[in-house]
Structure formats: C-alpha cells, structure tokens
Amino acid sequence: MTRRILLPLMFVCATVVGLFIGVNFASPELYVPQNHSSSQYHVNPQYSEITSWQSSRDLMEIMSALMDDTGSVVVKIREKDFETAEREYRRLVGQGHNFENIVVDLELSETEMGEFNRYNQRNQELIRRLLDDSKRFEELKSLEVRYRDEKNPSALYSVTYEGEGLKTQIQEVTRQYDQQAPAFTLLGQQFSLNTTGYLQSVSEVESLAQEAGATQETRKAEADTLKRTSPVTAMPASVDSVTLEVQPDQATFGDTLRLTAWLTGRFPGEQTVDVYLDSQRWASGRSDATGRFQYDLLVDRVRAERHVLYAAHEGVYSPLVNVTIVPTDAALSLEVRQLAERNVSVSGTLTAAGLPVPGAEVNIYLDNIRVMNTLTGGDGVYRAFLPLQAGMYTFRTASSDSTFPLRAAESPPLTLTVSGRAGAQSVITTIMIYATFLILFSMGAVVYYRHQRGGGGPFEFRNPFAFLKLPRRKEIPARTPPEPAAAAPPPSEEASPPPPTAEEAATTPDRSREFVLAQYRQLIIGGDHPNAVQGLYLFLRDQLARKYRIRDHRSFTPRELWRLTNNKTCFGDFTKFIHLYETVRYGGAALSPEESESLVRWFEGTSSAVESDSD
Amino acid sequence: MLLAVVLAALSCIPLYLHLTTSTAEFSRYNTQWNGTSLFFGDLEERGAVMVTDLAGIPSYPDSRLLLLAPDRAFSAGDLGAIRSYVTGGNTLLLADDTGTGNQVLEGIGARTRILPGNLSSLDFYLWDTQSGRYQPSSVIASVTREDLLTSKVEVILLNKPAAVEGGEVLAETSLMSWMDTNGDRRINPDEPLGTYSVFARERVGDGTLYVLSDPSIFTNGMVQLPGLENNTLFLEHVKDAPVLLVDQSHSRTGEAGGLIPLLAAARSTKVMELLMVAIVSILIAYLFHRRIL
C-alpha cells in the first residue's frame, strides 16, 4: 500500500520539478551578477562599486579656480613679480592636470567640459610664453641701462633687437589670448562661473603688450641716439653693417626660407653670422669671402604666426625682417590591427604638403574617448599598442600640435572587432573536455561490455589494472612441464596464473586430451573433485567453441553451452557429462569411482564426437 | 522508505519557493534586488493598508497614499476617487519614471508632470566594476527645499530616474546632468547639460501631491545599499504617516505569480490559515499511522 502511494507521489514530484526546470532548459541562464546588472528600470547597485562622487562640485570648483588663477598669473606678470607668477602658474598647471584627469576619467572629452579643457590648455600655453617673454623683456631693461651707461651702442642695439623680437612675440600671444577669450568666457558663463578674473586677465595681457610696445619704441630711440652721439671707435672693426633678406616673406610647412645676409666693412669675409627668429638663434654659419652668407631653412616646427628675424655678427645687427608662417592642411592616416592576446596596434602617418611631420603629438580616440597620445617618429609615423577586451571598437586619431604650422588633422574612423582569443580557446578546451569524456565513456562501455560477455573476438578483454593486483599468496603448484608446442599460452583475463592446474590445462588449446585426463585423475586422487571436473568441462568448452565458432563462450553457463549442442552429434554424451558435472561442481557431491569413470567416458565421447564432426 | 519520503519532501521545497516568490520588477513578493519585499515588509509591520480598490480610499481621512511604479491605466472612477482623496486634504506620493503616472496627475488637476527619460548626471554614486566606467544613471540629487519628507535629508540617491516638471522643486540634480537619449552613458552634443527636478510638491485642493521621478529607491537593492543614510531617512519620512495606504491595484509592487495569490489569500484570514495547518497535521498523522514516518 505504502509503496503504491509513495512511488507515484515521488514520480509526480519529480515530474513537476522537472517541468519547471525544463521551462528554463531551452534558454539556460545561470545566475551571475552580469545577468542581473541592470534592467529597464534600474541598475543593480549590488553589482556596482559604490563611490560617492559628486563630480559636478569638483569640476565646478576646478573650473572656477582655473579661470580665477589665470587672471592672477597675468596680474603678477604685469606687476613684474615673476617669482610669484611662476608659482601661481605651476599651481594653475596642477589644477589643469586635475581637471584633465577628471575629463578623461568621465569620458567628457567631447563635451563642454572637454572644450573647456582645450581652451584652458591653450591658455596655459600662451601664459607660459607670455611669462617667459615678459621675464626676458624685463631682463633686457637692466642690460639696456648697463649698456647705456657704458655708452655701448652695439650692445644696446643687440638688446633693442632682441626686445623687438620679444615685443612681437608678446603681441602675438596677446592676439591669440584675445582671440579665444570670448568663447572661453561664454563657456564659463554657461557653467555659471565667475569670469571676472579671467576677463581682467585679458585686459591685463593687452596692457602688457602695449607696455612692451612703448618700452621698445623708447629703447629703439635711445639706441639710435646713442649711435649718433657715440665715437666711431665703438663700432666693430671688421664689419660695419649687416643686412638680411628672407625669401619668401610668407611660407608654410615644408617650404624653404632662403636667408641671405651681407656683411660689409673692412674684413667682411668668412665671419660668423647668426640668424635669430623671435630672439632665438635659429641658424648660424660663416660668410664667404665676399661677406655673403646664405642659408636655406626648411619650415617645419614653427608656429603659424608672424615672426621677426634678424642677422647679427659680433654686435652688429641687421634690420628686422618680418616673415609670416601660414598654417596648412595636414593628413593623418590610420591603420588598426589586432595582434596576439587582444593587443591592438594603432598606427598611421602624419603628413603635410607631401612631407612627413616628425615629432608631432597625435591623440588616439577609442569610441570618441581620448585614450592615449603619442608622437610621430622621424618618418612621420606614429604607433601605439592598446590592450583591449573583446568587442567592437571605433578608432580615430587626431593631431592639433600648435608648435607646427598645421591645421588640425583627423583620421577617418575605423572599426575593429577585437576577437576574444581566450574565449575561443575556452570553447576549444570545452570541446576537448567533452570529447575526452565521450571517448573515455565509450571505451569504458566497450570494456564493460566485453567483460560482461567474457571476452573473445578482436577486443578481448584484458584487465587494464592487472598490474595493480598483488601477487597471490598461494603459489602455483608444481606440475608437469608444458610441451614445447604449448610454450606460449594465450592471453588470459587474469594477469596471475590461475590456481587450479586443471583449469590452466584445459584452457590451453594445445594441451592434449590425455594431459587433461591425467590432470583429472591426479586431482581425483587428491580429493579435489570440483576442480577435477572443471578441468574436463573447460577443455570441452574450448573445444566446442573452436569447433563451432562460438563467440564469448567464456560467458556461457554449462547449460547455455549444452543448449548450443542440441543438434550436434556430441549432444548425448555431453548431456550426461553436464548433468554429472553440475552435480559435482555446484552440488558439491563427490564422485564415486564408477561415476568418475563414466564421466571420463562421456568426456571422451563428447570430445571425439566434436573432433569427428564435419560441421 | 523514510529516505524516499524525505527526498519527496525535499523536492517540494524548491517548488514551493519557486511558486511563492516572484521575479517581477518592483513586486513586493520579489526578494531579489529589483523587488520591494523589504520595504513592504516594513510597511506591513507598521500596519499599512494595502489598497486593492481605489474607490475606497476617500474613506481614510488624514492619510497618505503611496502610488509606486504604476503600470496600468486608471479608470475614470479611479481617477475620481484619487482626486476626491487628495482634494479632501490627504497626501498622495506618486513615484514613477515611465510617465504612466501622468494620467493620475492630469486626472487630479495637478500641473506637475513626469518627464520620462534616462536622466544621467556627473554626480553619481555607482561605478560599474565590469566596464570600469561610471554609472551616470545613479544620480545624486540635492535637496533644495525643506519639507516634511525632506527634513534633514541632504541628498537623494536615485537609480535610473526620470525628471519632474512643474511644482515646487524639493530635490534636483546638479547642473552637470543630462538626458541620455541614446543610452551611451556619455554626454553627446545633442544632450545639453542642465539641472533637472526629480522630486516636487504641489498643493491640490486641500491636499498635497508629491511626485518623485524614481520608484527604484524603494527596491531591495537600494534599501540594502550601505551608506545611504539620506535615502533611509527619506524613506522613513515617507512611511511615517498616521494612516498609510499603499496602492496594489495599479502598481507593479502588487504583481504576483504562481501560488502567491492563493497563499496570500490563505494567509490573509485566520480561518484559512488554521485550515491549512489542520490539513498538514492530518497528513502527517496519516503518515505516522501508516508507519511511513
């Protein structure tokens, strides 16, 4: 009764549970946090890391500080307090880095914050130049006083010329600073930032440029006056004057500027001539015997703006020459390819006017987020490596290095699907694991099947773990040495020799019937009737199997084997043999001498019948 | 045999759990992160009334009705009942981010509206560990006005909220927030930055309407999140009412499946509960009698 209730109950339970599992079987989805990281209505907070980051407050604070500090640096420059200005500038740069880090971390490069960052970077660059130029311009003032006191018009002219270059630079910086002021101010106002400090800096920079212009005019006038009033001996002995010609007066990236200087005086030949660009020595060489100096300069890393050039030889200066460098278009190529282990190579070339641009900064964008910047090599080629997770990415590169007279260049976007090789490996590994399991399972099934059926055939079972078996304690009893023909016994399912001598004798096909009978009689004398009769049976079993091609005969019981001989000539004797065999072997009965002889008779009868059977 | 019985009983446990829990979003029977079982467990302990028919709510004077995550249309009768309820001097708190609640707002004559969308902000509190990127939809909104529900609450942490338009702003996002229309979790040129209201109040008749643009703050995931003292305090204020009514007729919080309605009904009356205990006792007694156990 109980069984009648419980078994159906369990069956019903198992079926119902199975049905519920089966519903999900078609689309199995084990619980992992990724599966439940978000839904239409919310993200799973337990799957994310909690970070209380009120970025807007940080960003606003930094943006506000950047606008204010820009103003204070300029004010300090105007006040000629360069030490404080330098300190304030370093602080400004530090804030700028913090801001840029947040912009990068929060992927804001292409937003108003990114724009603010770019304006700020440009501002800082201009302020750096303004600080350096103003500092040098101020140093020239003390030199000017010294040379005037020394009544050295030559040195005073050098100061004047350098001052002219610096003035031009300050005015250029002012122009650029003014140029981006409206947009930067508007951006600050969008974020409700106080732009007063920044707007003040704009007017301060303008005043600074005006001051530099006025100072320079005074300086030039004083140098001219000193030149007129000073004795002639103050002039250099070998060269009286230097002139400079630059062709063309407007150039772009890749153009060649031909600088030609003439030295005139008593010994103008083979003198050293220096050519200055914006007060920085740009080229140097020796004049020929006639005092002519010529130099071809390739325009590469020069800002796109108006520049001042002059040539000089030992305190003799040429008149100032203006050269305008205009920006040109640049081309940026991009090649993306996946290397091993999810490493992606990003490379390309930056060219302008058909020439490579060396040493230019190139920014690499991944899905519109700037992830890296690198420099072009001497051949204009840039190259970077990005470790990426598997997935599809859009790559883009851009270059807007303002130290070159180039317009901003951007590569066409490229899309690359990064394959997860590790994933493929795991699939292969999984397949191999399953295949190995399947093979092992199949082998096990075959082995089990053979074992159950008693071996034989092409896959006769051999115990693969036989070597692990300990040797039996019972030693094999001594027996008659085998005949030479029986030297090589067939493979047996047991690695160790079987204990009963009769069995071994019987299962060895080459052993003669007489030998088996001799063994039988020996065992009968010893009182071991079961093993004695088994020896005879095993002999007949093997003989029958060989004769009638019975496969897996070892797995047959005596009765099953007997049934197989039903229509054979040996059937009669074998029937009697089997009957008595079972009585002794399984019934435990002892053979009487008569029964023993009868058994031998039936054994011989069966064996002879099998031998003589033509089937 | 005993083993067989034990196995049969054990096999029923997952079946029971499967049938008596829900995975529906916001469901009070959902014990996972996106369910509201914790919040509702607290409400039940406080004796909150689960409303299955809105027609009856006007009969609860000086009460507060919570309408969380509505997901189905309201009939004219329902809207009339809510209007009578609110204008009669009661309080309605509507938390919705899909815009379904706008039908209620319109129906009761309020000017406040929910603006569905993927409101995002640079003021966030979750960082996606897998992608290594921030979750801009985990918005931190600042409380801008003192109110009964925002007393001593400085910020409200939201989870994929929408925005609220109109009413008196009680909490809003920072200036650096945007509607992430394309869902790329970034600020795009066509997604301008700005401040968005997320919690507003409006007087409707003699009553008060509160509109919160995010019902997710009631979910288990948010309630269990450590370090959200402000949210905890805010939820305390929400639950702190003399009579608290919680709509179950139009809210996702009332969604159930499997045997939940039956079990809920069984547990809802003492007679049914006693009947179930009696049946189980008889079954066990029979098994002992038959020497199965």
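Of the 293 residues in chain B, 45% come out as buried, a label that takes 20 or more other C-beta atoms, placed from the backbone, within 10 Å of a residue's own, with 12 or fewer making it exposed and anything in between partly exposed. This is a predicted model, where local features need pLDDT of at least 70, side-chain atom pairs count only at pLDDT 80 or more, and totals for chains, interfaces and linings use all residues. Residues are numbered from 1 along each chain as its sequence is written, while chains are lettered from A and ligands numbered from 1 in the order written.

Chain B averages a pLDDT (the predictor's per-residue confidence, 0 to 100) of 87, and 86% of its residues score at least 70. For the complex, the predictor reports an ipTM of 0.76 and a pTM of 0.58. Chain B holds eight helices and 15 strands, taken as DSSP runs numbered from the N terminus (H or I of at least four residues for helices, E of at least two for strands). Among its contacts (C-beta atoms, placed from the backbone, within 7 Å) with a separation of 6 or more, 72% join residues 24 or more positions apart.

Over in chain A, helix 13 (residues 593–612) has 20 residues and spans 28 Å from first C-alpha to last, close to the 28 Å expected at 1.5 Å a residue, that is, 1.5 Å times one less than the residue count. Its buried residues are A:Leu599, A:Trp602, A:Phe603, A:Thr606, A:Ser607 and A:Val610. They sit on the same side of helix 13 of chain A because they cover an arc of only 130 degrees around the axis, judged by the directions from the helix axis to the C-beta atoms. These buried residues pack against helix 9 (513–525), helix 10 (529–548) and helix 12 (571–585) of chain A. The face turned away from the buried side carries exposed residues A:Pro593, A:Glu594, A:Glu597, A:Glu611 and A:Ser612.

Technical notes
Contact = placed C-beta atoms within 7 Å.
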